[in-house]
Amino acid sequence: SLVVLTASAGFVAASGEHIDYAKLGWTCLGTLGAAACANTLNQAHVYEVANDRLMNRTCNRPLPAGRMGRLHALAFAAVCGASGLWILNEKANGLTAGLGAANILLYAAIYTPLKQMTIANTWVGAVVGAIPPLMGWASAAGELDAGSAVLAAALFFWQMPHFLALAWMCKADYMAGGFRMLSMVDATGRRTALAALRHSLYIAPIGLLAVLAGFASEPFAWEAAALSAYLVYGSAQFARTPSQASARKLFKGSLLYLPLLLVALGVHRLPNQHNV
């Protein structure tokens, strides 16, 4: 899953001369358990099942479709969460497990109910998505430093054009489900598109910051800048002509951006001396 991929990126970026692949594997497994717990609790929320039944993109999930009961879902979440956090605590460290537990709480207890209360839920959800690379970093380094903020910022800012484009594409679906999204209070789409463009610009210096933090070589800065330019271009097209077509183009571009960025980071990583 994407959560495991970004946690792996954090682990690799924080590693020194040698990558501890066994510890990386345990970190991925523990992160997967925590993520499964959070996602299941999100879908098993007392209000979420009824709302998911009203949306085309979610009505076939196991709970809304009636293929699984809420008690079974909660039991699954408990097993995944407990085992995932235990693995992170035993095989990584307490900081990594603490970040995992905090993310479960933030996702299930704060982000999930906010989705029906305020359009700010998208920004809170982006914080949730920015924590997994911190978990990977903490597992490899045993601490968080200024360098870890670079990857967290990349994940936070990337999620905004990604999910804002999705929110415009699925505007009617979100309205039917009762979820509060920026697109619901934006008749023209311009406000949504400008927010996507703004956050695409924020992500532009990520490659340079990674080089300055000492965990990537100079070619990564140029490659990250090229990828950011593509994301900014898609966001600008969406802002110039807000439509289903331009939103879909931006959404697809965001799907390419993140894995290519992380692959480039893996290719151009430098042993992290944590001097920042």
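We'll go from the whole chain to one helix pair, and then to a cavity.

**Stop 1: the whole chain.** Keep in mind that this is a predicted model. Colour by secondary structure and you'll find 12 helices and 0 strands. Reading along the sequence, the pattern is simply α-α-α-α-α-α-α-α-α-α-α-α. How does its radius of gyration sit with that of a compact globule? For 276 residues, such a globule would come out near 19 Å, and the chain has 19 Å, so the two agree.

**Stop 2: a helix pair.** Select residues 2-14, which form helix α1, and residues 21-43, which form helix α2. Their axes lie 9 Å apart, and the helices pack at an angle of about 145 degrees. The crossing of α1 past α2 is right-handed. Next, show side chains to see who does the touching. On the α1 side, pick Val-3, Val-4, Ala-7, Ser-8 and Phe-11. On the α2 side, pick Lys-23, Leu-24, Thr-27, Cys-28, Thr-31, Leu-32 and Ala-35. Colour this contact by residue class and you get 8 nonpolar, 3 polar and 1 charged.

**Stop 3: a cavity.** How many cavities of 30 Å³ or more are there? The count comes to 1. The largest cavity has a volume of about 50 Å³. To find the spot, select Tyr-230, Leu-231, Gly-234, Lys-249, Leu-250 and Gly-253, which line it. Then highlight α11 (218-240) and α12 (244-267): each of these helices supplies at least two residues of that lining. By class, the lining of the largest cavity has 3 nonpolar, 2 polar and 1 charged residues.

Methods
Residues numbered from 1 in each chain as written. Predicted model: local features only at pLDDT ≥ 70, side-chain atom pairs only at ≥ 80, totals over all residues. Heavy atoms only, no water. Axes fitted to C-alpha atoms, helices over the stretch in contact; angles between N-to-C directions. Helix = DSSP H or I, 4+ residues; strand = E, 2+ residues; numbered from the N terminus. Left-handed = near helix turned anticlockwise from the far one by under 90°. Contact = heavy atoms within 4.5 Å. Nonpolar A, V, L, I, M, F, W, Y, C, P; charged D, E, K, R; others polar. 1 Å grid on protein atoms, 1.4 Å probe; cavity = no way out; pocket = protein on both sides within 12 Å on 5 of 7 lines; lining within 4 Å. Points joined across faces, edges and corners; volume = space filled by probe spheres on them. Rg over C-alpha atoms; globule rule 2.2 N^0.38 Å.
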